[in-house]
Amino acid sequence: MVSSRISKPGALLRAASLSLALALSGAGASAQDAPAQTNLVEPSYATALIRDVLAAVNHGNWTGNYTVLRDYAAPEFAQANDPTRLAGLFTDVRAERLDLLPVMTTDPVMVDTQLSQSARELRLTGYFPLEPRHVSFDLVFGLEGRRWLLLGISVGAFDAIEKP
């Protein structure tokens, strides 16, 4: 079902609305696979999964070496995305000098959580409310054994949402 699930990193969230125009091949769990539910995984575990992936992205952004991100992901992701391709896809995020370290100490705002009917794919979408720019994420994981491995990713930044 999954061949290559990576989008060119960019802001998924604009202002207060979510524009899930995720350019993933096979874009995660489909509407028929994903019941509209929230809190499908324990929130602290979901946060740990998100931070774990974003730490690997951050290291890749600062070093230009995305080998760890690729090797840490699911085999389908690794086959479709060599480190050179990943470096090209994260060019905009690197050019922005987006520092993802603050996501390690900030709680994410979860916009959507989807679990496929088979409970083998999990999609976590949201953002970290940082200043001066929020960090958005849209991550798709596949369950292999007892681990959730990365299948798809989109990361970006957008201007902070003004509080009413």
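Visitor: How should I read burial here: is Tyr127 buried or exposed, and what of Phe158?

Guide: A residue is called buried under 20% relative accessible area, exposed over 50% and partly exposed in between, using a 1.4 Å probe and protein chains only. By that rule Tyr127 is buried, and so is Phe158. Please keep in mind that this is a predicted model, in which local features need pLDDT of at least 70 and side-chain atom pairs count only at pLDDT 80 or more, while totals for chains, interfaces and linings use all residues. Residues are numbered from 1 along each chain as its sequence is written, and side-chain values use heavy atoms, with hydrogens and water left out.

Visitor: How many aromatic pairs are there, and how is such a pair described?

Guide: In general, a pair of aromatic rings is described by the distance of the centres and the angle of the planes. Rings of Phe, Tyr and Trp (its six-membered ring) pair if their centres lie within 6.5 Å, and planes under 30 degrees apart count as stacked, over 60 as edge-to-face and the rest as tilted. The count comes to three aromatic pairs. One of them, Tyr127 with Phe158, is edge-to-face, at 5.6 Å centre to centre and 75° between the planes. This pair links distant parts of the chain, since Tyr127 is in strand β5 and Phe158 in strand β7 (residues 147–159), 31 residues apart. Phe128 and Phe137 form a tilted pair, with 5.5 Å centre to centre and 50° between the planes. Phe128 is buried because its relative accessible area is 0%, and Phe137 is likewise buried at 0%.

Visitor: Which helices and strands does the chain contain, and in what pattern?

Guide: Helices (H or I, at least four residues) and strands (E, at least two) are DSSP runs, numbered from the N terminus. The protein chain has five helices and seven strands, following the pattern β-β-β-α-α-α-α-α-β-β-β-β.

Visitor: What span should helix α1 have?

Guide: The expected span of a helix is 1.5 Å times one less than its number of residues. Helix α1 (residues 43–63) has 21 residues and should therefore span 30 Å, which agrees with its end C-alpha atoms being 30 Å apart. Just after α1, Gly64 takes a positive phi of about 80°.
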